[in-house]
Amino acid sequence: MWSCERVVGSALDVEEVLGLYRASTLAERRPVDDVERFTRMLAGANLVVTARTGEGRLIGIARSVTDGAYATYLSDLAVDAAYQSKGVGRELIRVTGEAAPQATIILLAAPAAVDYYPRVGFTAHHSAWTLDGPEE
Ligand SMILES: CC(C)(COP(=O)(O)OP(=O)(O)OC[C@H]1O[C@@H](n2cnc3c(N)ncnc32)[C@H](O)[C@@H]1OP(=O)(O)O)[C@@H](O)C(=O)NCCC(=O)NCCS
């Protein structure tokens, strides 16, 4: 069995989380080789939910930034490939939403997950825009 809970991002073991990103394939599109930056990504996210097995193995994460009232940006949703399609992602999103129940969850889907989000209740928004940081 597995369960999800809200945690403090800075308290997570960075190497353990990197292992999960690799096991989920999300590592292909995140700066996992820059451990200092990845550590700041974990510490700076103020709404982090993890999924663990009963034995404590990390199998999923939802890493978000929220104002707690209006908007929650869900930056990373990742589930270990061995545990995908068992409801872990859906539960990570549910617990994330409960943490800021008045906030809208906003995200940019990875190409492999474009068909996933409508299945779990999301609506496509055709006027989303992004602007890279000056050093990106
Ligand atoms: C996308 C991801 C987070 C989904 O998590 P998950 O735990 O596998 O998904 P769930 O079990 O909550 O799936 C809910 C439903 O969506 C389906 N589903 C799962 N992944 C899907 C995908 N990539 N595309 C379409 N449907 C998908 C499931 O089969 C399930 O269907 P059901 O309701 O008929 O049973 C996970 O597969 C993953 O980590 N993928 C690789 C990393 C990635 O692309 N992350 C997204 C970054 S934006």
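How many residues does helix 3 have, and how far does helix 3 reach from its first C-alpha to its last?

**View 1. Span and buried residues of helix 3 in the predicted model.** Helix 3 has 12 residues and reaches 17 Å from its first C-alpha to its last, which is close to the 16 Å expected at 1.5 Å a residue. Val 88, Gly 89, Leu 92, Ile 93 and Thr 96 of helix 3 are buried. These residues lie on the same side of helix 3, because they cover an arc of only 135° around the axis. The cover over the buried residues of helix 3 includes strand 1 (2-7), strand 2 (47-53), strand 3 (58-66), strand 4 and strand 5 (104-106).

**View 2. The shell around the ligand.** The ligand is surrounded by 21 residues, of which the closest are Gln 84, Val 88, Gly 89, Arg 90 and Tyr 116. Two or more residues of this shell come from each of strand 4 (71-79), helix 3 (88-99) and helix 4 (116-119). By residue class, the shell comprises 11 nonpolar, 6 polar and 4 charged residues.

**View 3. The largest nonpolar core.** This core has 22 residues, and those with the most contacts inside it are Val 17, Ile 61, Ala 62, Ala 78 and Leu 92. At least two residues of the core are supplied by each of helix 1 (14-24), strand 2, strand 3, strand 4 and helix 3. In soluble globular proteins, nonpolar side chains tend to be buried together.

**View 4. Contacts of Ala 62.** When residues up to four places away in sequence are not counted, Ala 62 touches Val 49, Leu 74, Leu 77, Leu 92, Ile 93 and Thr 96.

Notes
Residues are numbered from 1 along each chain as its sequence is written. This is a predicted model: local features need pLDDT of at least 70, side-chain atom pairs count only at pLDDT 80 or more; totals for chains, interfaces and linings use all residues. A residue is near a molecule or strand if its C-beta atom, placed from the backbone, lies within 6 Å of it. Helices (H or I, at least four residues) and strands (E, at least two) are DSSP runs, numbered from the N terminus. Ala, Val, Leu, Ile, Met, Phe, Trp, Tyr, Cys and Pro count as nonpolar, Asp, Glu, Lys and Arg as charged, and the others, Gly among them, as polar. The expected span of a helix is 1.5 Å times one less than its number of residues. A residue is buried if 20 or more other C-beta atoms lie within 10 Å of its own, exposed if 12 or fewer, and partly exposed in between; C-beta atoms are placed from the backbone. The arc is that of the directions from the helix axis to the C-beta atoms. Two residues are in contact if their C-beta atoms, placed from the backbone, lie within 7 Å. A nonpolar core is a set of buried Ala, Val, Leu, Ile, Met, Phe, Trp, Tyr and Cys residues joined through C-beta atoms within 7 Å.
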